[in-house]
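Q: I'm new to this one. Could you walk me through how to read it?

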Amino acid sequence: MPLLPVLVLCVLLLQAQGGYRDKKRMQKTQLSPEIKVCQQRPEPYLCQHICESHRNCQANNICCSTYCGNVCMNIL
């Protein structure tokens with residue numbers, strides 16, 4: 001099997017998953033022990049606001065892990 005089609009497939013899969021840098025950033029931010037899985041699924045617009053800890057969030061919000069990375073979610 002030629003190497004070029006395999007390489008192109010790998011690049012397309014990385015892009016479909018958000019790219020290499022986004023994946024590395026998510027792995028780095030998910031290491032914090034204070035970040036838990038969110039109790040509810042966030043709205044898609046929240047996925048644009050990635051957080052690394054609770055300090056990155058406004059009052060009454062916590063940083064929690066979702067399908068799109070760590071985002072600030074309202075606790076009320």
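Predicted model: local features only at pLDDT ≥ 70, side-chain atom pairs only at ≥ 80, totals over all residues.

Here is a short walk from the overall fold down to one cysteine and a surface patch.

Q: How many of the residues are buried?
A: A residue counts as buried when its relative accessible area is under 20%. Here, 26% of the 76 residues in the protein are buried. The protein's accessible surface is about 6,200 Å², and carbon and sulfur atoms own 59% of that.

Q: Where is Cys 38 found?
A: To place a residue, look for the elements on either side. Cys 38 lies in the loop between β1 (36–37) and β2 (61–66).

Q: Is Cys 38 buried or exposed?
A: Compare its value with the cut-off. The relative accessible area of Cys 38 is 12%, and buried means under 20%, so Cys 38 is buried.

Q: Which residues does Cys 38 touch?
A: Leave out residues up to four places away in sequence, and Cys 38 touches Cys 64, Ser 65, Thr 66 and Met 73. As for Ile 62, 24 residues away along the chain, its C-alpha atom is 9.0 Å from that of Cys 38.

Q: Which residues form a nonpolar patch on the surface?
A: Ile 62 shows up again here: with Ile 75 and Leu 76, Ile 62 forms a nonpolar surface patch, and together they have about 330 Å² of accessible area. Ile 75 sits in the segment after β3 (69–74).

Note on methods
Residues numbered from 1 in each chain as written. Heavy atoms only, no water. Buried < 20%, exposed > 50% of the residue type's maximum accessible area, 1.4 Å probe, protein only. Areas by Shrake-Rupley, 256 points an atom, 1.4 Å probe, with all protein chains shown as cover. Patch = residues over 30% accessible without salt bridge, like charges linked within 9 Å, V, L, I, M, F, W, Y side chains within 5 Å. Salt bridge = Lys/Arg side-chain N within 4 Å of Asp/Glu carboxyl O. Helix = DSSP H or I, 4+ residues; strand = E, 2+ residues; numbered from the N terminus. Contact = heavy atoms within 4.5 Å.
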